[in-house]
Amino acid sequence: MIGIEKLSLTLSGIPVLRDVSLEIAAGRTLGLVGESGSGKSMTALSIMRLLPHGAQMRGAVHLENRVLSELSERQMCAVRGAEIGMIFQEPMTALNPVQTIGDQVAETLLVHGAASRPEARAIARERLARVGLVPERFPLDRYPHELSGGQRQRVCIALAIALRPKLLIADEPTTALDVTTQAQILDLIRELVREEEMACLFITHDLAVVSEMADEIAVMKAGAVVERAPTAALLREMRHPYTRALFDASRHQPERTAARSEAPLLEVRGAVRDYTLRRQHLFGPRPTFRAVDGVSFALKRGESLGLVGESGCGKSTLTRAILGLEPLQGGEILLDGQPVSPRMPAELRRRMQVVFQDPYGSFNPRHRVARLLTEPFHLTGRPPDLEERIGEALENVGLAPSDRDKFPHEFSGGQRQRIAIARALITRPELIVLDEAVSALDVSIRAQIMDLLADLQGQFGLSYLFIAHDLTVVRAITDRVLVMRAGQIVEEGETEAVFSAPTGAYTRALLAAAPVLPSV
Amino acid sequence: MFRYVINRLISLGLSLLAASLVIFAVVEVIPGDPAAFMLGLNASEDTVAALREDLGLTGTLGERYFVWVGGMLSGDFGTSYTYRVPVSDLVAARLWVSVPLALYALLLSILLALPIGMVAAARRGKMLDYGIMGLTQLGIAVPNFWFAMLLVVLLAITLPIFPAGGFPGWDAGAFAALKALTLPAVALALPQASILARVMRSALIETLGQDYIRTARAKGLSEGQAIRRHGMRNAMIPVLTIVGLQFSFLLAGAIIIEKVFFLPGLGLLIFQGITQRDLIVVESVVMLLVFAVILVTFLIDLAYALVDPRLRHSR
Amino acid sequence: MTWPVQLRLGATLFGLLLLAALLSLFWTPYDVTELEIAAKLSAPSAAHWLGTDHLGRDMLSMLMAGARTSIAVALVAVGIGIALGVPLGLSAAANRGSLLDEIIMRGNDLIFAFPSLVIAILITAVFGPSALNAILAIGIFNIPVFARVARGAALTIWPREFILAARVAGKGKVLISAEHILPNIANLLVVQGTIQFSMGILAEAGLSYVGLGAQPPTPSWGRMLADAQTFFYGYPRLALLPGLAIVLTVLGLNLMGDGLRDLLDPRLRRAVR
């Protein structure tokens, strides 16, 4: 049906794809997995011939009995959208903000001359209903900003399948979505592929997702397909060492030897955090939004406590209050018995450090590593053994003391996350807040950082508050877990107990929605 | 939408209030006694008092402010000290030169700039783009009143196509009047059109990198279609901002250009006002100019809401 | 890092004019206040390289001294804009959504409603014309420009995680603004600075052309254009020379601004890396 033969690609002379060959039959889904930079998206864009300037493509792409790679740009335009539909990762930005969803779906039909304007609107209405946006609740004249991320992704799917294409390319379609929304979108795609007899190229970095979605899996590494096999066979055999390494890393469970004590280090008691919103009227009262609503828990010394929840549940707000960045409107937060607040004493602040998600955004790009590392000494004053401490902190996280004079951009993403951990360690804290600290990393790097965190915990007797949306990671690295929803803790317990036998309905739904790697 | 308009209207009112306070403070409070200031150092106490009475400058500052604002609201801008006629009569005639001139120039600027910006964006990185960018760079650097002088020499004296100056009035027919305003409008429009064309080009190029253009391309739109159907309207948002700012530059520019072409507009009136220390004229004309700028800002805000549905729905 | 062509061209153009302006502080071929009525309107010659004006003043000397006025006025006006506008913009961004932010932004909008010509008219009406008025008028107009640019750019930096890290370290808004925000928005401010500089040159010329700027005998390009207007047809040189001087200065500064943007834009640099 669709076939790629020995596809090679260079971008301004740099090789990006090497001899990639794939085929997909109608009604089947091929999962393309790999870490960032492995060439997954470039393969998809090569099929669409939507490559960036300076791209040189060799090899052939067939769709039924035509050779797409030989078509002119004009002929390709007739293929895109009509015979091949594509959806992308970021539903929030993928739609034109100033055009209604009806017009954007109808445009697929109009641009291919497949329908008159009234017909196109009727079909758009039907297709939107098909993806779950019924006309009663989502009339055609809605604008993208009136919809949630999941709903927008449904619009994107509707416009991609409006002309019933033969091939649907889905490039990380659920990566930006919450797990329950992800489950719904995955169901929808699966159903559409089956019912409309489409071939589907499903691109993702998430092995659990791909093993649920694909009939066949191709694993990519550095621009080449290293292994390709039907899903069950691939999971069973894992012929290529890289495939095995990738799967091992995804279910990696660091060895943890931390000694938990019963004494609480961090106590949150009935914490309430309200935000004032914009005024509705010029002289009206400012409405408030309760982001954290009476949260209480205790984190014990030497413990790893997980805090999970979907976006908007209030976990980031709670994190900022725990870090003493924002005041509470009710309740209190105590670190080792002393109150935490924006005006807490320097010594108390020293005992709690943080590692953030984005290894690219967490450093001032203009400062060298040594200066970045010493920032936490701002309030306490520099210790006399500063130089030794910098070297020590870098060695603790597996970097060389000589890295102290480099700039952050000279490091890879994983190395930067190590620097962030070194910065958190340098004041010799007792509690480290890990705010999605491994979420942005590829699985193999993520496994290394999780090992490092486990090591450090054992070595220095650290306590971790581990905030994440990824349930697999939380399960692998925490002792106890809190589940947060709409500003409240809805479930709390030992991690294994919560994951194997959740009591709350929400936790059950959350766990049911999360794709899992089949155990082999 | 309704709420948005109401909010903008309130903001318009507050801006006018603040602007009137600033102008009143500068003209009537800082000089101390405006009447004495107008008459100069040698005036006797009696003449000053008489003038004060004459101009309605008696009473406390608060009273005077309210009389001034109240008067303007009912169309009474006070009495000119030099001309001894109501300022509103003086201004009305001149407004009919300056405002059409600024609007004419704005229209020219938009009509020139948008297509040029579009062509440059479509041909980005090609020779034509470099050529256009070079010319607009030059266009920005040319002072409009100097360009006006060049135009006069070329198109009014050497080739007598347009009048070199003066204004026949709208009574002489729209054609003659527009003809008299053409060279000034072209001179005013050139630098602004250069700026606007560059803004248009970069706004369009900026939208080209957006995800929704990629979505449009995946639907089967050609690059040109994607720019026209999806890039354009999004690019209008920054372009509108600049158009709004340009009106105030054009109005100010019109006042300067009037001197080159001896046009009987607000510029002439205000410069006479300054040399003759006629504060009442200066105060009122400045208030009018600021009013025009604030009004255009308001209109641009409304235009935003037409282009961008997010504004219509929120706030 | 190599300099882009535009930057080199712009810097050369502007550098030459700056040099002429600096030189005029110590030396000009003739005294610009000296009227030589007998030699008025003389064509370029060995004695007067660019000829003389309607009062017999040496054009080259006038142009050199005029460069000094233009550059000084525009430079001080940019200085006023940066000195007041940037701290305002930074504090508005640091207190986003607060009353302070609201007041600063409203104040900005208010100043934006007064084009620099209108400010100059107001000041001149009360205090009489002078070069200082031009500086004040253009400078005041620059304040909201820089405040907006600084606030807008700072707002994109504030949500970044390294700012959060600094806050966790206990750093306050002022220190964070100075240490983390300002260096990361300096590029934009430099680029905006060159743009405002060139706009200042144009505005100064316009103001002195209508008599609201530098007063005789201080030479200025706008003033020279106003004087030349009546003689333009017979002696186009009188108007062409100062006009070209303005065009070249503004062009040089704009090219520099464009070049600096290319050189400093972090987005472009990231793409190269």
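## Basis of the model

This is a predicted model, in which local features need pLDDT of at least 70 and side-chain atom pairs count only at pLDDT 80 or more, whereas totals for chains, interfaces and linings use all residues. Residues are numbered from 1 along each chain as its sequence is written, chains are lettered from A and ligands numbered from 1 in the order in which they are written, and side-chain values use heavy atoms, with hydrogens and water left out.

## Chain C

Chain C has 10 helices and zero strands, where helices are DSSP runs (H or I) of at least four residues and strands (E) of at least two, numbered from the N terminus. Of its 273 residues, 56% count as buried, a term for under 20% relative accessible area, with exposed meaning over 50% and partly exposed in between (1.4 Å probe, protein chains only). The C-alpha atoms of chain C fill a box of roughly 75 × 50 × 30 Å along the principal axes.

## A bent helix in chain B

Helix H10 of chain B, residues 223-261, has 39 residues, yet its end C-alpha atoms are only 46 Å apart, short of the 57 Å that a straight helix would reach; the expected span is 1.5 Å times one less than the number of residues. H10(B) bends by about 50° at Gly231(B), the bend being the angle between axes fitted to the seven residues ending there and the seven starting there. After H10(B) comes Phe262(B), with a positive phi near 50°.

## Salt bridges in chain A

Over all chains the count comes to 58 salt bridges, each being a side-chain nitrogen of Lys or Arg within 4 Å of a carboxyl oxygen of Asp or Glu. Arg269(A) and Glu267(A) form one of them, at 3.0 Å from N to O; Arg269(A) is partly exposed at 38% relative accessible area, while Glu267(A) is buried at 18%.

Another salt bridge joins Arg446(A) and Asp470(A), whose closest N and O atoms are 3.5 Å apart. Because Arg446(A) lies in helix H16 (residues 443-460) and Asp470(A) in the loop between strand E18 (463-468) and helix H17 (471-477) of chain A, the pair ties together parts that are 24 residues apart in sequence. Arg446(A) counts as buried at 12% relative accessibility, and Asp470(A) as partly exposed at 23%. Salt bridges that share partners also join Arg256(A), Arg260(A), Glu303(A), Asp479(A), Arg480(A), Glu492(A) and Glu494(A) into one network.
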